[in-house]
Amino acid sequence: MGVIATLIVTTAIAGVAGTGLGGLIGALLQKDSNRVVSLLLSFAGGVMLSVVCFDLVTESIETNMGIGVVIAAIAIGVIVIYVLNWIIDKNTNLEVPHIDKNHPQTADDLDELIHSDHLQQHYAKNDNKFSLFLAGVIMACAIALHNVPEGMTIGASYASNGGVMGSAALVLAILIGLHNIPEGMAVSVPLISGGMRRWKAVLITALSGVPTILGALLGYLIGDIGALGLTLSLGFASGAMLYVVFGEILPQAILMYHSKLPAFSTIVGMLVGLLIIFA
């Protein structure tokens, strides 16, 4: 199997299969599963923090391109994902009645995380097919903003190993597959709650993992350019994931389940990530 084919298959298992499994679990759970999803999301956030802090950032520093380049790449990753999220929120939140000035400045339920609430609003109004299509595209973009950086981490790690699927890239794929399970639940649960058939929600959830493959190819192609490209690819993916974890996943987990348990779940996720990375 060639370099690109190996990367695609590995990332598909981590992205599509991992997200699809989460979608299936979400379909089997009761609708009032906020506590379970909150703890799983915070656990996944902890896993990704371990990946970023103890693997990706360390690896980008080891390219010897200078700490300034690493910091700049991380900052760019944070800013780009934040701005794209802000654009999506700005153009959709006004159409959802319950999101007003008193609403938290981040998602506090599953449907808000992926903007399925926006799609449901168009369905409720019996809008035309074009409006429904646009709402679906927005929802797909919101999901892609999570999955593309995840794929980039696998692709960049793959490039750093000379195009060989070494243990580091495999570990990343396993960790991201683990991380994608609760994210898959975050996609399927609100779709089912909105009236979609379970099998269709699971299928859409699995397909939502496809952007992970695109991110992996992008991360590999940029990282394969040379030391600078590898630093930029690793740094950008790190920054993007840091924003997703601290700006979306953890705040949402805490708002969904008002307790200190999400904090402990995050710590457990970090320890599990450390164990898998260095064991």
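In which helix is the place of Val78? Val78 is placed in helix 3, where helices (H or I, at least four residues) are DSSP runs numbered from the N terminus. The structure is a predicted model, in which local features need pLDDT of at least 70 and side-chain atom pairs count only at pLDDT 80 or more, whereas totals for chains, interfaces and linings use all residues. Residues are numbered from 1 along each chain as its sequence is written, and side-chain values use heavy atoms, with hydrogens and water left out.

Val78 has a relative accessible area of 28% and is therefore partly exposed; buried denotes under 20% relative accessible area, exposed over 50%, and partly exposed the range in between (1.4 Å probe, protein chains only). Contacts, defined as heavy atoms within 4.5 Å, link Val78 to Gly239, Ala240 and Tyr243 when neighbours within four places in sequence are left aside. Between Val78 and Tyr257, which are 179 residues apart in sequence, the C-alpha to C-alpha separation is 26 Å.

A nonpolar core is taken as a set of buried Ala, Val, Leu, Ile, Met, Phe, Trp, Tyr and Cys residues joined through side-chain atoms within 4.5 Å. The largest such core has 30 residues, and those with the most contacts inside it are Leu7, Met48, Val51, Val52, Leu56, Ile154 and Leu175. At least two residues of this core are supplied by each of helix 1 (3-28), helix 2 (34-61), helix 3 (67-92), helix 6 (129-160), helix 7 (167-193), helix 9 (210-223) and helix 10 (227-256). The greatest contribution to this core, 8 residues, is from helix 2. Apart from it lies another core of 18 residues, including Val37, Ala142, Tyr243 and Met256. Residues up to four places away in sequence not being counted, Met48 touches Ile176, His179, Met241 and Val245.

Helix packing was examined for two pairs. Axes are lines fitted to C-alpha atoms, for helices over the stretch in contact, and angles run from 0 to 180 degrees between N-to-C directions. The axes of helix 2 and helix 10 come within 9 Å and cross at roughly 160 degrees. These two helices are therefore roughly antiparallel, a term for angles over 145 degrees, with under 35 counted as roughly parallel, 65 to 115 as roughly perpendicular and the rest as oblique. The crossing of helix 2 and helix 10 is left-handed, meaning that the near helix is turned anticlockwise from the far one by less than a right angle, clockwise being right-handed. Their contact has 17 nonpolar, 8 polar and 1 charged residues; Ala, Val, Leu, Ile, Met, Phe, Trp, Tyr, Cys and Pro count as nonpolar, Asp, Glu, Lys and Arg as charged, and the others, Gly among them, as polar.

For helix 6 and helix 9, the axes come within 6 Å and cross at roughly 40 degrees. Helix 6 is therefore oblique to helix 9, and the crossing is right-handed. Residues of helix 6 including Ala144, Asn147 and Gly151 meet residues of helix 9, among them Pro211, Gly215 and Tyr220. The residues of this contact divide into 10 nonpolar, 7 polar and 1 charged.

Two further residues were considered. Ser116, in helix 5 (residues 116-124), counts as buried because its relative accessibility is 1%. Leaving aside neighbours within four places in sequence, Ser116 is in contact with Asp111, Met139, Pro190 and Leu191. Asn64 lies in the loop between helix 2 and helix 3 and is exposed, with a relative accessible area of 68%. The phi angle of Asn64 is near 65 degrees, a positive value in a residue other than glycine.
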